[in-house]
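Here is a short report on one protein model. Look over the sequence and the structure first, then read on.

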Amino acid sequence: MTHVAASLRESPSPPHSIRTWIPPSISRSILRLIVHWIRHWIRPVCFAAGLLACTRDVDLAREPIVDSDAGAVSSCAASPCDALPQLRTAPVLDGRPDCEGPGVELPRDRWIDADPLPTSHRVDVRVAWHPDGLYVHATVTDDDVVPSTLPSAPWCGDALHLFVDDDGSFEAAPAYDDPGTAQLIVRAPDTIGATEGTRWDPSSARGPWPSDDFVALRTASGWVVETFLRRERLGRTSSWRAGERMAWNLFVSVSGGPEASREDPTCGVGRLGDYGLFDRTEGSTRITPHASTTAFCEVALLE
Ligand SMILES: [Ca+2]
Ligand SMILES: [Ca+2]
């Protein structure tokens, strides 16, 4: 007891430190035992853990840009006109894809119009569904971005058109369902970005599309649009579930500035044409989702 009391007075350690209770010879033995244990067990385990961590870092570096704050990573649709995978968490609208994968390139043979599609133009689409909305990310490669100069007419210039029906069936095709079907348009951003969108559906005919549903940003090679079309915009009250169906399509308007060969008198810029995921041909007429729900992609919502 006297020894313990003296140790307490002399030691700078806290009163309950184990050092005050163990003789020095025993402490050295325990220390050697701990060092031996670290050398033979802890270091290899830590080394293995470190390797795993490094491997994960490498994997992340190889992946396309994925939001670190988006939670579980889901795959983007590989066949977006047939079936959509489910996004596990609500997306973060920051311009970076929230699903994993390279996306699907808009087929160049879908180009509609007499003017040629510029050879450098390209659109890569990533899409997935979520119980509360349709997620679409489009990367547009475009070396001549010409946004509309008319805020009320975002389609006058480079623009993205999104067509969605909430249940994949149409009561009076080719007419849009009311409620249930809508066309939404996002103007290509100018150098400071874009917050303008327009919505068409049978009941409202034309009105603004709230910009909290999308972002449009300029990139080094063109522009990008990221959207989360909330089900409320389609008048849907219940969440989507796996096994249900939806219908959608995406088109991109391409403009070429004043030197383009075709001036649209209502727009004042050189509109070149449009292309999208899917359209139909009847005789010599191309049927697009702008005018007919028969040109929507009817898709299954995967688990
Ligand atoms: Ca994002
Ligand atoms: Ca419908």
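This is a predicted model: local features need pLDDT of at least 70, side-chain atom pairs count only at pLDDT 80 or more; totals for chains, interfaces and linings use all residues.

## The core

The largest nonpolar core has 56 residues, and Ala128, Trp129, Tyr135, Ala138 and Trp248 touch the most other members. A nonpolar core here is a set of buried Ala, Val, Leu, Ile, Met, Phe, Trp, Tyr and Cys residues joined through C-beta atoms within 7 Å. A residue is buried if 20 or more other C-beta atoms lie within 10 Å of its own, exposed if 12 or fewer, and partly exposed in between; C-beta atoms are placed from the backbone. Strand E13 gives this core its largest share, seven residues.

Ala138 is in contact with Val123, Val125, Leu160, Val224, Val225 and Leu250, leaving aside its neighbours within four places in sequence. Contact means that the C-beta atoms of two residues, placed from the backbone, lie within 7 Å. In soluble globular proteins, nonpolar side chains tend to be buried together.

Residues are numbered from 1 along each chain as its sequence is written, while chains are lettered from A and ligands numbered from 1 in the order in which they are written.

The pLDDT is the predictor's confidence in each residue, from 0 to 100. Its mean over the protein chain is 77, and 71% of the residues reach 70 or more. Over residues 1-70 pLDDT stays under 50, and the model has 32 contacts beyond four places in sequence for them.

## The five-stranded sheet

One open sheet has five strands in the order E4-E5-E6-E12-E11, with antiparallel pairing. Strands (E, at least two residues) are DSSP runs, numbered from the N terminus. Two strands pair if DSSP finds at least two bridges between them. The edge strands, E4 (104-105) and E11 (214-219), each pair on one side only.

E11 runs antiparallel to E12 (residues 222-230), joined by six bridges. Thr219 has Gly222 of E12 as its bridge partner.

## Around E13 and E17

E17 (residues 297-301) pairs with two strands described here. With E2 (residues 83-84) the sense is parallel, over two bridges; Leu84 partners Leu301. With E13 (residues 245-255) it is antiparallel, over four bridges; Arg245 stands opposite Ala300. The covered face of E17 holds Cys297, Val299 and Leu301, and the uncovered face holds Glu298 and Ala300. In a regular strand the side chains alternate between the two faces of the sheet.

E13 also pairs with E14, antiparallel, over five bridges. Ser253 has Asp274 of E14 as its bridge partner. Five of the six residues of E14 (residues 271-276) are buried, so this strand is largely enclosed by the rest of the structure.
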